[in-house]
Amino acid sequence: MTANTAERLIEDTQLSKLDLLLKEFNSDQLLWLSGYIAALGKHAVSDAGNSSAPKAEASKVLVAYGTETGNSQALASKLAFALEQKHIAFELKNLSQMRARHLSRYHFILIICSTHGDGDPPEPMSNFYTSVMAADAPRMSGVHYAVLALGDSSYPKFCATGQALDDRLSALGAGRLLFRQDCDTDFSDLAGQWISDVSGILAAKLPKAEASAQARTDGKRPADSQAAEHNRNHPLKAEVIENIRLSHADRSDAIHHIELGIDASLPELATGDALGILVENAPRRARELIELAGCAEDAVVRVNHRNIPLLQALIEECDITVPSKRLIVEWAKHSKSPFLRDLLVQDPQALRAFLKTHQVCDIAAGFPTVIDAQSLVDGLKPLQPRLYDLANSPQQNPEELHILVKRYQYAFNDRLCSGVGSEYLADLNAGDAVRVFPYRNAKFHFPQAEDTPVIFIAEGTGIGPFRAYLQDIAERAHGPAWLIFAERSFEEDFLYQAEWQQAVADGHLALVDGIFHDRCDDACTIEALLHARQAPLFEYLGQGAHVYLCGDRALLQGVEASLEALVSESAHPWPALQEAARIHRNLY
Amino acid sequence: MNSPKPSFNIDTPLELLHANERLKWHSRHLRGDIATGLRDPLTGAVPGEDPLLMKFHGIYQQDDRDLRASRQQRKLEPAYQFMVRLRLPGGTLTPTQWLGLDRIARNFAERGLRITTRQTLQLHGVRKRQLKHCIKALAAIGLDTISACGDDNRGVVCGANPHVSKAHAQVQQDATAASERFKPKTHGYREIWYDAPHHQANDEEPFYRELYMPRKFKIGFVLPPINDIDVYGQDLGFIAIVEDGRLLGYNVAVGGGMGKVDNREDSYPRLATVIGFVERAQALDLAEVIMSIQRDHGNRKDRHQARFKYTLDRLGMPWFMATLAERWGRPLAAARPFSFRHNGDEPGWVQGDDGLWHGTLMIQSGRVRHALQDRLAAFFQHYDGEIRLTTNQNLQLIRVPGYSLAQVKWRLEDLSLSELLAPDTQAGFTLACVALPTCGLAMAEAERYLPAFLARFNAIKAAHRIEAQPITLRITGCPNGCARPYLAEIALTGRAAGLYNLYLGGSLQGDRLAQLYRPNLPETEIHACLDQLLGRYSQERLPQEAFGDYLYRAGILPTLTTPRETHV
């Protein structure tokens, strides 16, 4: 071993430490040590040649994300970038590809994951989640981890998935690198801080590694992947072909059928998937807020790495309905309101209650002040994309994307408010541009087998995916299809009635049961109908039917409970069906 | 058949006949799959061809044409609904039945009750799932709907003549008997609507057999001198011959009919021909013989040529008279003299020869809805007379005892109904068919247009100081003639939205056809045209001269020789 070799292999600091250490050994000890080190070195070489073992100390870092809309994935890319800057080797994985047993390979596990809806894990990572939560999940002593949890505080089970993972990993014996960070929809600052913290801690704990990029196993670099596919950060521009109000003109929660045209194709979309839509606030509401805040419409603000006029920011980028704590901070600062100041220092319960009972405009109107445009924008949460199930088959007509939208209105304090997403969509006109991205929902895909029967139970707009399925099976051999549909009025709200009639005439749709609340002389609930239709129900289940539940959560959970009771004594008990992945839910 | 050319009558092989004939043949006496279709939950319609069969049951499948386009856009089927027409021979009802109908209309129908030009009531907008309940509810008040439409004997009409009310009661009896005798006897009606057990035997229709009539067949009874039912527009008309208040029998008229299609020259309205006299006791036997001739010889290939009038013109009156004599077994007696004064409804109270009182409430276009429906329902809660509907779409209070007349008048006054007893003269002489939005045949508005048109028409009459002169005025949405336009002094028949053919020259007595005066006139030109003609009429008319008669005397219309020429 020459000094030249040593200089190339071992750094100066290591050499000096080694020199200091070796000075303590006598000659006998040094002789023994030479053999020991040689053996160590051989072992290390053989290890390095074995591809199934961790390649090196540096590769035992895992960055894993569980994502529904792409936020966690984007943050994982940021974390990856931060680790690369610090020359820390790591593997970047989507949790959809992992199980609990894989975790013990790593020394350090950094998880970024969101919570879907009210407390559910993102669909793609559900198998991982189940395996970690399982009673037989492997112990993980010696593993260190950190969790960044994303969520939406407008749901009661805010960041529930991240919290559950954090608790579970700890219970399995893993140690926390740092405390979990929970982020609301305005996550960028807190997440950025967490990324900086966790990469700093790791850098301190780990020796620097060589070029780490090759250790990434995710297959694609973030920049590449974003260029190749469309996601919330890189939406696709679609054009409205037609916007048809399907329900009666008198109905306030009107149901619209909207057809969007796209130039590109979205090959990743399948029947059962959804479309993410970057909705916009009504310009009228954005202007009202600008007026209340005393800003100028054309003031330039920086938001989401872009410099754009305030009006555009409030229309496209910011949630101008639901306030966050950050807005109270900004507003307290500018208005110097003692009430708001107190609110921030009192118990969090009071703040939460205040945020629940006030919208952004209430705060702007209730605590008049002049605020600069950037502070206003900084105080607002980012406007979240909305997901709508595809109501047509992307296979049969890839240039068109159809969705069903129900206008949502709600009473807030003393006024009637319109849901931002549904108002934006229902008011679209032919020719308008809409930003969309594909959203995969593999759990809700349909059986491809040629003989599998399908029972589709839909409430309201939940009927959309079934329309897509019927378009598919019209072109191929298929098992019998049974539609059970609940809406208000037979005459006005039998969504796509003419198409079902055609499908029945063509032999693609075997059974149709409509439950309409305006004709309650017959079975007037889905539960009562299923009770009366046990013969076909058991016949379908006996033939291996998959059951789909789509639409209003509360209603269909009740339906599921009664179905479960109905089949409990049969050859097809609900848990068995569930085990066989024959129950598919898409509830909202 | 010896004839070299197939005549397409009942002896022709089925496959050569019109599709409707095959439908009837295979319908198992009007059953078809109606019962199954009623249960189909996917549609508000009765699928397939069964709606054609349902017409024999008095039920028309319709859809709201105002909504067709928007519903198609909304990916919905048309707004299907059903019109239910009652079989109401002579148009008579008890107050209890009226109150029952009022309730049924509120429960099952839209737009109240409608008095038709054939003296019955229609319910509109009944939905499929309510249909059976509705028919059962009608049965509960002693009413049914069988043969209110279809290729059979349509509802039998019976004229009114309050002055000879004893004879009228007898004529009414004959009309009711005719309706009972010639209604389809199929058990299918009871099976489908009343859930009666299935009838096995194939002996259901001794007269109609499998194919029923080639086309609708209308029978009417009339009491001169009032020709309210337009007896010359009936396939078979019975003109009562009354002597000293005693009904002797009837003059018989055959082959009247209104319907025509504008694009066929071989299609025309025809006045019935009076062919003789029959004793009252034999009248219905004779009717059956006449109907059997049409049943056996009517054109079953071309439905536009299937009415009795075309059979008579195709085979000739001499042939018909010979065939009738052969089947009747003896020649018909000569017709007795009679005369008509007018074909409207007279306003006011009249005391009949039975001492009972009769009054007519004028109902515009026969529409009984909203406040009028409420007031009539209130009125009939305490009323001890009877009710009779007229073919001029009005409502008569008949057989009111003298001792309660004062109270009836007082109650009419109290309910703001008395104004309907003495409206402007024109009301008793005006008709409009239903047309848009529910009639599938309509090409223009009729009933919905009438109020505006009538106001204008009355204004023109008033301007020329002839408001006291009744003029028969009829508006239909198409050329088919439901409101008997071709017998009116002035008639508009729809051609397209806002465009009408103007017919002139019928007689006030209903015994002369109107002729096409100007085709395809828009509203303003109709007004201008009528203003000019009525202006001349007011200046030049003779005392008591009716408008239609004046048009001929003044040479405004050319004199006609045969009915066909009205459309040349």
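1. Start with a strand pair in chain B. Strands β3(B) and β14(B) run antiparallel to each other and are joined by two bridges. Strand β14(B) covers residues 386–389. Look for T92(B): its bridge partner in β14(B) is R388(B). Keep in mind that this is a predicted model.

2. Now widen the view to the sheet. Which strands make up the open sheet of chain B, and in what order? There are five, in the order β3-β14-β15-β12-β11, and the pairing is antiparallel. As a general point, strands of a sheet pair through backbone hydrogen bonds.

3. Check the edges next. Strands β3 (92–93) and β11 (349–351) of chain B stand there. Each has a single partner strand, so one side of each has no neighbour in the sheet.

4. Two helices of chain B deserve a look here. Helix α12(B), residues 370–380, lies across β12 (357–361), β14 and β15 (395–400) of chain B. Its direction is at about 10° to β15(B). Helix α13(B), residues 402–414, also packs on the sheet. This helix touches β11, β12 and β15 of chain B. Its direction makes about 150° with that of β15(B).

5. Strand β10(A), residues 300–303, and strand β11(A), residues 306–309, run antiparallel and are joined by four bridges. One of the partners to find is P309(A) in β11(A), which bridges to V300(A).

6. Then turn to the interface. Twelve residues of chain B are in contact with 24 residues of chain A. The two chains bury about 1600 Å² between them. Of that area, 47% is on carbon and sulfur atoms. Which residues of chain B lose the most area to chain A? They are L42(B), R74(B) and K75(B), together 46% of what that side buries.

7. How many salt bridges are counted between chain B and chain A? The count is three. R71(B) forms a salt bridge with E492(A), and the closest N and O atoms are 3.8 Å apart. By class, the side of chain B that touches chain A has six charged, three polar and three nonpolar residues.

Note on methods
Residues numbered from 1 in each chain as written. Chains lettered and ligands numbered in written order. Predicted model: local features only at pLDDT ≥ 70, side-chain atom pairs only at ≥ 80, totals over all residues. Heavy atoms only, no water. Contact = heavy atoms within 4.5 Å. Buried area = accessible area lost by both parts, 1.4 Å probe. Salt bridge = Lys/Arg side-chain N within 4 Å of Asp/Glu carboxyl O. Nonpolar A, V, L, I, M, F, W, Y, C, P; charged D, E, K, R; others polar. Pairing = 2+ DSSP bridges. Axes fitted to C-alpha atoms, helices over the stretch in contact; angles between N-to-C directions.
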